[in-house]
Amino acid sequence: MTPQQRRELWIVAGLAVLGFLAVLVAAIDPTVIALDQATRNAVRSGRHPLLHGPMKTLNRLGSGDVQLPVAAVVCIVTWRRHRRLASSVIVVSVATVVGVAVLKWLIGKPRPTMSAYGFPSGHVVGTLVFSCVLLYLLWIFAVARGWRVVTIVGCALLTCGVAYSRLYVNAHWLTDVMGGVTGGFAATALGLLFMDTQLADEPVAPPGSPAG
C-alpha cells in the first residue's frame, strides 16, 4: 500500500470504531429498541417456506465452522507465494474470533431469544473480515481484474445475505447486525494494515515459484 492508502485505512478504522460505539450506545435508547422490535416483526412477517433453506445456508456460510476451514485453505495457498503474509492471515483470523468473543462477553447484550452475547453479530464481523482479506490477497497477487470484480460482487452479496439471515433466523437484533458491520470494518481496516506490514521485508514471489 502507498502511505496515502495506509492513512485512509487508519481513517476508516477510526470512523468504524466511532460508529461501533455509536451503535452500542444507541442500542439502549428506547426509540432504537422500538426500531429493533419493529425490524424483527417485519422480518418475521416476511418469512416464507421457500426462504428457509437459503437463509439456513447463508447462516451456515457466515459461521466459523465454514469460514475458518476456508481461511486455512487460503493460508496454504498463500504460503507458496508469501509465508509471512500467510501467517498474518492466521493472526487476523484468530484475533477476529477472540476479539468478537471478548466484546460479546463484555457487552452481554441479550439476543431476541433472550440468550446472552448478541452484540455484535460474529457472523457479520467474520464475513466482512474474511471477504476483505480475500480481496486484499487477490489484489496483492495481481489476480485478473475480472476475477476480482466477480469476487467483490460475490462477497458483497454474501455479506448482505449473512446479515439478513441472522435477522431471519431470529439470532440477532438489527443493532447487533449494525454493530457487526461497524465492528467488521474496524477489524478489517486494522487487519489489512497489519497484513500490509508483512510485505515490507519480503517481496511477493512470482506465480509458480516457492516462497523464499
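1. C75 counts as buried, at 10% relative accessibility, where buried means under 20% relative accessible area, exposed over 50% and partly exposed in between, with a 1.4 Å probe and protein chains only. The model is a predicted one, in which local features need pLDDT of at least 70 and side-chain atom pairs count only at pLDDT 80 or more, while totals for chains, interfaces and linings use all residues. Residues are numbered from 1 along each chain as its sequence is written, and side-chain values use heavy atoms, with hydrogens and water left out.

2. On the cysteines, a search of the whole structure finds zero disulfides, a disulfide being a pair of cysteine sulfur atoms within 2.5 Å. C75 is in no disulfide, and the nearest cysteine sulfur, that of C155, is 16 Å away. For C132, the closest cysteine sulfur is also in C155, at 7.7 Å, which is too far for a bond.

3. C132 lies in helix 6; helices (H or I, at least four residues) and strands (E, at least two) are DSSP runs, numbered from the N terminus. Leaving aside neighbours within four places in sequence, C132 is in contact with T188 and L192, contact meaning heavy atoms within 4.5 Å. Between C132 and T151 there are 19 residues of separation in sequence and 10.0 Å in space, C-alpha to C-alpha.

4. The largest nonpolar core has 20 residues, of which L85, V133, Y136, L137 and M195 touch the most other members; such a core is a set of buried Ala, Val, Leu, Ile, Met, Phe, Trp, Tyr and Cys residues joined through side-chain atoms within 4.5 Å. Helix 1, helix 4, helix 5, helix 6 and helix 8 each supply at least two residues of this core, and the largest share, six residues, comes from helix 6. Not counting residues up to four places away in sequence, L85 touches T78, Y136, L137, I140, F141, M195, Q198 and L199. Apart from this core lies another, of eight residues, among them V43, M55, A163 and V177.

5. The largest pocket holds about 410 Å³ of space. For the terms, a 1 Å grid is laid over the protein atoms alone; a cavity is a set of points where a 1.4 Å probe fits but cannot get out, a pocket is an open set with protein on both sides within 12 Å along at least five of seven lines, and lining residues have an atom within 4 Å of a point. Of the 24 residues that line the largest pocket, Q67, L68, T96, V97 and G126 are the closest to its centre. Two or more lining residues come from each of helix 4 (64-79), helix 5 (83-107) and helix 6 (122-140), with helix 6 giving the most, nine residues.

6. The second largest pocket has a volume of about 340 Å³, a volume being the space filled by probe spheres set on the points, with grid points joined across faces, edges and corners. Its lining has 13 residues, and the closest to its centre are M1, L9, Y136, W139 and L192. Helix 1 (3-26), helix 6 and helix 8 (174-197) are the elements that give two or more residues to this lining.

7. N59 lies in helix 3 (residues 49-61) and is buried, with a relative accessible area of 18%. Beyond its neighbours within four places in sequence, N59 is in contact with H123, S165, R166 and V169.
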